[in-house]
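Biologist: Could you walk me through this one while we both have it on screen? I'll jump around a bit.

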Amino acid sequence: MSSSTNDKLVLALPKGRILGEVMPLVRHAGIEPEAAFDDESSRQLRFTTNHDNIDIIRVRSFDVATFVAFGAAHIGVCGNDVLMEFDYPEIYAPLDMNIGHCRISVAEPAGMVGGDDPAKWSSIRVATKYPGITAKYFAARGVQAECIKLNGAMELAPSLGLCRRIVDLVSSGATMKANGLVEIEVLAEITSRLAINRAAWKTRSAEINGWIARFSDAVEAFRKAA
Amino acid sequence: MIKGCGINVISPFLVYFFSVLKCPDYTAPKAQVMNETNDNSNKADKALLPAGMSDVLPPEAAFEATISEQLMTQFGAFGFDRVKPPLLEFEQNLLRGPGLAMSEQTFRLMDPVSQRMMGLRADMTPQVSRIASTRLTNAPRPLRLSYAGQILRIKGTQLRAERQFGQVGVELIGANTPLADTEIILLATGALTALGIMNMSVDLCLPTLVPALCDDMDLSGEDRIALRDALDRKDAADLASLADTIGQDNVTIFAKLLAATGPAEDALASLDSLNLEGSAKIECGALLSIVSAISEQAPELPLTLDLIENRGWEYHTGVTFTFFTRGGRGELGTGGRYITSEQEHATGLTLFMDTVLRAIPKRPTVTRLFMPANTPKDTSRKLRDVGWVTVHGLEETSDDKAEARRLNCTHIYEHGGASPLAHMK
């Protein structure tokens, strides 16, 4: 157990769309990653920052939650869709970052809407990236959901006969519309959250509380500016 | 045909057992599997254990036993007397009182003798508490008991995939003073420090505070569930969204408690600023006494407070505590106040051997002395008397040193003494 790797605070950030929204907040909180972080061609996965004791890792949004849950990263940023899906007891989410706004919804083909009485369902088949959320949501209504796990392009599933309904993230609704789907129910509103590993918060609480406060200030500053 | 015998012995039992469960469709795939394992090609299949089970090998198995004994010795030195409950109990008793929380984690099996359902212990605290309320009901209070044993759970958790692991702990029954909680906390940190575990911290929780606040605020059952959900995840956004149902003022109080998670002095200052009244204030009394007693007796021990944590504390009725070590994964142990099935006030502590063993920085170096065949037995006895571990060669070899290395020995007996072997390749 080398103390140097253990003592560094690791911040996990999500790749892709959200990263562009997260970085202004990270920089406002006073964390500046090394140059390679912004270099598209770099294959590096772990980056040093202007703070000796903070490193940044860049991973898929779903993996942010996993890294944080196991304490491999101490702080992370990910959507509450991911947090809800895994419902890891080792993650706390003390701050809404007010970015990555969207919602998680049930959608079905436009032709089905109206001719279908959800009260009569006993089981349904749903294509989704979120089998956990979906099963829980329908179970709470007394419906057993058979989830088909897809990692993307959920909107294709109904038109190709894989299943009739999907549960997916919706931001503008344009993709759904283009594929002839109608959003019929919102399961939850989604934003990105600051995720903290439980044990890290307990054992390095002063340090972690300091960072929560700085991120909180950053979120507040951007809220005012908006 | 030993194999055949084995099957014949087992199958009537299976038939009996499953007929009890009214499951006549169950045929005997077991027998087929056993025949297949006759084949040497199925070595991997033989090695495979059920999820969450593992064989502990040398030297780790001996190390675990040593550490467990060291902890028990420390507990014994503070007057905690050892008890040894059985692995199996009647479900009805095992899951009573503090045991109820482990219901979902308890393996059950039918006792063919009494025809009653039995549970395999998933936690030892309920057993020790039962002993205190039954067989030791006349023993003088406060009663100090200690225990060490293996427990079995239906599911591993995210951080602990093991379904079987060791618990070592103490219970202090029949005392309702913060001094008892302080004694238990410092007993644990002292014992863990003695094992060489460093950078420890203790997290204190008060799982009764939120329910007391909810009572004072007159919240409905539904609101409490939504609140619990948000607080369990320390989800500030979720909590803020409850303002419509439980009121902005109440949300602000919980938000402050959430933000107070952290070093004890900061948390207490912010708790103080809330000026809590009623039952919530009473709940905080014991916590304040414990914090000040620990800061006085062990000023260097980092204390953190978490005033809203509830998960894992379902049967607790007062201050609870969790032992962490910096950089370690998960908890070394947990404990806290509860009420026994006979309504006695009690507090206790359980250390989890898997996390404790992982947190111990140094493993002892093992030295083994090879005694070539025909070394007089008396010689090796004398060496064992002064602390050597001796391994006897059973037959003469042409190269004793090579034989010693092959048997993982670090030393060899030659020229009338023990000489170290050069490092193995």
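Modeller: Let me begin with the lining of the largest pocket, whose residues divide into 10 nonpolar, 14 polar and 14 charged. Please keep in mind throughout that this is a predicted model.

Biologist: What volume does the largest pocket have?

Modeller: The volume of the largest pocket comes to about 1,300 Å³. Of the 38 residues lining this pocket, B:Arg153, B:Thr157, B:Arg311, B:Gly312 and B:Glu314 are the closest to its centre.

Biologist: And which elements give two or more residues to the lining?

Modeller: Those elements are strand S6 (164-173), strand S11 (333-339) and strand S12 (345-352), and they belong to chain B.

Biologist: In what order do the strands of that open sheet in chain B come?

Modeller: The open sheet is formed by 9 strands of chain B, in the order S1-S5-S6-S12-S11-S10-S7-S9-S8, and the pairing is mixed. Strand S1 (81-82) and strand S8 (262-263) of chain B each have a single partner strand and stand at the edges, so one side of each is left without a neighbour in the sheet.

Biologist: How many bridges join S5 to S6 there?

Modeller: There are 10 bridges between strand S5 (residues 143-152) of chain B and S6(B), and the two strands run antiparallel. As one example of the pairing, B:Tyr147 has B:Gly169 in S6(B) as its bridge partner.

Biologist: What about S3 and S4 of chain B, what do they form?

Modeller: S3(B) and S4(B) form a hairpin with 6 residues between them, and in the turn B:Gln115 has a positive phi of about 65 degrees. Strand S3 (residues 107-110) and strand S4 (residues 117-120) of chain B run antiparallel and are joined by 4 bridges, and B:Met110 has B:Met117 in S4(B) as its bridge partner.

Biologist: Switching to helices: how far apart are the end C-alpha atoms of H7 in chain B?

Modeller: They are 24 Å apart, which agrees with the span of 24 Å that the 17 residues of helix H7 (residues 178-194) of chain B should have at 1.5 Å a residue.

Biologist: Which residue caps the N-terminal end, and what follows the helix?

Modeller: The N-terminal end of H7(B) is capped by B:Thr177, which places a side-chain oxygen 2.9 Å from the backbone nitrogen of B:Leu179. After H7(B) comes B:Gly196, with a positive phi near 95 degrees.

Biologist: Which of the H7(B) residues are buried?

Modeller: The buried residues of H7(B) include B:Ile184, B:Ile185, B:Leu186 and B:Leu187, and B:Asp181 is also among them.

Biologist: Okay, over to chain A. How many helices and strands?

Modeller: Chain A has 9 helices and 11 strands, and its C-alpha atoms fill a box of roughly 60 × 35 × 30 Å along the principal axes. Of its 226 residues, 48% count as buried.

Biologist: Where is A:Val143, and is it buried or exposed?

Modeller: A:Val143 is in the loop between helix H5 (131-139) and strand S8 (144-149) of chain A. A:Val143 counts as buried because its relative accessibility is 5%, where the cut-off is under 20%. A:Val143 and A:Ile124 are 19 residues apart in sequence, with their C-alpha atoms 7.3 Å apart in space.

Biologist: And which strand holds A:Val167?

Modeller: A:Val167 lies in strand S9 (residues 165-170) of chain A, and with a relative accessible area of 0% A:Val167 is buried.

Conventions:
Residues numbered from 1 in each chain as written. Chains lettered and ligands numbered in written order. Predicted model: local features only at pLDDT ≥ 70, side-chain atom pairs only at ≥ 80, totals over all residues. Heavy atoms only, no water. Expected span 1.5 Å × (residues − 1). Buried < 20%, exposed > 50% of the residue type's maximum accessible area, 1.4 Å probe, protein only. Polar contact = N/O pair within 3.5 Å; in protein donor to acceptor, adjacent residues only side chain to side chain. 1 Å grid on protein atoms, 1.4 Å probe; cavity = no way out; pocket = protein on both sides within 12 Å on 5 of 7 lines; lining within 4 Å. Points joined across faces, edges and corners; volume = space filled by probe spheres on them. Nonpolar A, V, L, I, M, F, W, Y, C, P; charged D, E, K, R; others polar. Pairing = 2+ DSSP bridges.
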